[in-house]
Amino acid sequence: MIQLQQIAKTYKTGARQVDALRDVTLHVKPGEIYGVLGQSGAGKSTLIRCVNLLERPTEGRVIVDGQDLLALPAAGLRQARQKIGMIFQHFNLLDSRTVGGNVAFPLEVAGWPKAKITARVTELLALVGLAERANSYPSQLSGGQKQRVGIARALAAGPKVLLSDEATSALDPETTRSVLALLKEINQKLGLTILLITHQMEVVKAVCDSVAILEDGRLVEQGAVVDLLADPATRLHQLCYPLMAEAPPSALTGQVGAGERAQTGALAQPSPTLASNWPSHPGAALLGLTYVGEPAEQPVISLVARRFKVDLNVIQGNVELVGQTRIGRLVVEATGDPDDLTNAIAFLEGLNVRVEHLAKGGDQR
Amino acid sequence: MSNISEALWKATGETIYMTLVAALFVLVAGLPLGILLVALDKGGIWENRLLQKVLAAIVNVGRSAPFVILMVAIVPLTRLLVGTTIGTTAAIVPLVVAAIPFMGRVVEQSLREVDPGRVEAAQAMGASAWQIIAKVLIPESLPSLIRGGALMVISIVGYSAMAGAIGGGGLGDLAVKYGYMRFRTDVMLGCLIILVVLVQLIQVIGDWLASRLSHK
């Protein structure tokens with residue numbers, strides 16, 4: 001539905017040249033929610049603004065719903081934009097218009113007759129749960145309500161694609177959840193394709209099917225959210241469970257800093273130095289276990305403890321639902337005979353649990 | 001005594017006439033000028049920085065000429081347009097010429113207060129440049145535009161007093177000819193009081209309209 005092919009965007013200010021995007025290629029399939037995760041300054045905003053050509057890329061091709069946007073003349077581009085909805089971090093509603101008037105804006109632009117506009121506005125405000133506020137002004141609404149109006153406005157002209165530019169970044173955690181739930185609902189009800197950019201891991205885990213990580217203008221990783229989270233070697237996994245990182249991934253550490261995590265209501269994470277501070281005992285090992293789907297439904301820990309002469313002490317644990325899939329992440333201290341440990345690990349791997357050795361008892365430090 | 005009050009009323013009428021007619025022309029010319037100053041600028045909807053610089057330079061020239069000089073300098077234009085260079089109607093021409101650049105800057109400033117994100121949102125919805133002007137820029141800055149308009153009308157009242165120097169009539173003319181030259185303090189005071197009331201009235205109406213239209 002959205003194809004970006006080898007997009008580059010370069011800004012020139014005097015003699016200095018800034019590469020905001022470099023060789024970005026991504027493909028958003030129809031009906032999916034695709035997230036681009038990155039810290040501020042990584043080029044996320046530029047990337048999403050290249051999709052509807054609010055910024056024209058220096059190089060590359062932008063294809064939305066089969067149309068090569070860069071090849072379109074001005075009038076054609078305006079037509080194409082009417083079928084690409086967009087919502088913004090700061091909502092960008094018009095103060096001079098009522099809620100209903102704001103939702104009517106894209107329809108006026110598209111030249112709808114008045115009677116049809118009125119009916120469509122009523123329908124959309126009902127969809128976002130603001131039917132009673134049609135005659136209020138944006139200044140009378142809360143942030144979450146403003147974003148709902150923004151969503152209704154973006155959907156008004158019946159777009160095939162919705163672009164979300166940090167739409168939940170200015171909202172508190174609870175409002176964020178309700179707005180995300182609304183986006184998910186729209187995605188499923190209307191089959192709308194959504195491309196969103198965010199710096200919040202929570203957003204990716206809550207609604208995205210696929211994700212790309214943008215660092216310094218380049219995509220460093222992309223794939224299905226579940227697959228990436230399940231693999232301890234991926235950056236997404238390391239960002240999500242930072243304890244696992246041997247060395248924290250430098251470019252993105254700021255973005256999952258303690259302050260931001262608290263603010264977004266993310267998991268309380270122990271410090272990344274947990275593994276190195278672990279008080280080791282001989283015969284003990286610190287293991288990281290990641291399991292996806294079926295094994296997460298089983299009592300893995302007690303199964304292992306019962307079958308092998310191994311004691312498992314859970315140091316940190318977390319099971320959550322990502323989309324429809326349950327993903328578990330445990331850090332356990334396993335104590336026992338080396339052979340028993342090896343067998344236990346083999347057993348776990350047999351259950352499709354990914355096991356990492358984070359530290360071993362008696363390690364010299 | 002009745003002569004004086006008659007003269008005051010006549011002068012008030014002339015001042016109001018000059019101000020309103022001039023304001024109308026200034027509005028009609030100043031609004032597009034202000035829009036152009038914003039639209040042609042960097043990142044504007046009709047970006048053309050060379051044209052913007054030329055226009056801005058012309059505006060600055062217009063704004064730097066003292067009104068008394070401008071009035072005399074454009075006498076040929078006045079004669080061409082009105083047929084005479086003396087009288088109330090003739091005084092309107094220099095008033096308009098002097099106030100247009102001022103109004104252009106006032107409009108420019110108001111439009112620049114509109115959050116660029118809103119313009120961008122309209123562009124993302126496929127709005128044309130004209131739609132952005134008519135549906136975003138002007139409505140969003142309307143309260144500010146009205147305050148700027150009141151400012152413009154008040155400064156025309158001020159300029160119109162000077163227009164008395166070329167026989168423009170009005171309160172300024174009366175105040176100078178009777179109040180100052182003939183030492184008639186009562187006439188001077190009368191003119192001043194009426195001018196103060198006029199200016200107050202314009203300001204109050206402007207503020208009231210602006211706050212009624214503001215939904216911030």
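How many residues has helix H15 of chain A, and how far does H15(A) reach from its first C-alpha to its last?

1. Helix H15(A), residues 338-350, has 13 residues and reaches 18 Å from its first C-alpha to its last, close to the 18 Å expected at 1.5 Å a residue, where the expected span is 1.5 Å times one less than the number of residues. Helices (H or I, at least four residues) and strands (E, at least two) are DSSP runs, numbered from the N terminus.

2. This is a predicted model, in which local features need pLDDT of at least 70 and side-chain atom pairs count only at pLDDT 80 or more, while totals for chains, interfaces and linings use all residues. Residues are numbered from 1 along each chain as its sequence is written, chains are lettered from A and ligands numbered from 1 in the order in which they are written, and side-chain values use heavy atoms, leaving out hydrogens and water.

3. The buried residues of H15(A) are Asp340(A), Leu341(A), Ala344(A), Ile345(A), Phe347(A) and Leu348(A), with buried meaning under 20% relative accessible area, exposed over 50%, and partly exposed in between (1.4 Å probe, protein chains only). Seen down the helix axis, these buried residues fall within an arc of 160°, so they line one face of H15(A); the arc is that of the directions from the helix axis to the C-beta atoms. The face turned away from the buried side carries the exposed residues Pro338(A), Asp339(A), Thr342(A) and Gly350(A).

4. Gln6(A), placed in strand S1 (residues 2-13), has a positive phi of about 45° although it is not a glycine, and Gln6(A) is exposed, with a relative accessible area of 52%. Asp65(A), in the loop between strand S4 (59-64) and strand S5 (67-68) of chain A, likewise is not a glycine and has a positive phi, of about 55°; at 39% relative accessibility, Asp65(A) counts as partly exposed.

5. Chain B has 9 helices and 0 strands, and its C-alpha trace spans about 65 × 40 × 25 Å along its principal axes. Of the 216 residues of chain B, 48% count as buried.

6. Within chain B, the axes of helix H5 (residues 88-112) and helix H7 (residues 129-163) come within 9 Å and cross at roughly 150°. By class, the contact of H5(B) with H7(B) has 16 nonpolar, 7 polar and no charged residues, where Ala, Val, Leu, Ile, Met, Phe, Trp, Tyr, Cys and Pro count as nonpolar, Asp, Glu, Lys and Arg as charged, and the others, Gly among them, as polar.

Technical notes:
Axes are lines fitted to C-alpha atoms, for helices over the stretch in contact, and angles run from 0 to 180 degrees between N-to-C directions.
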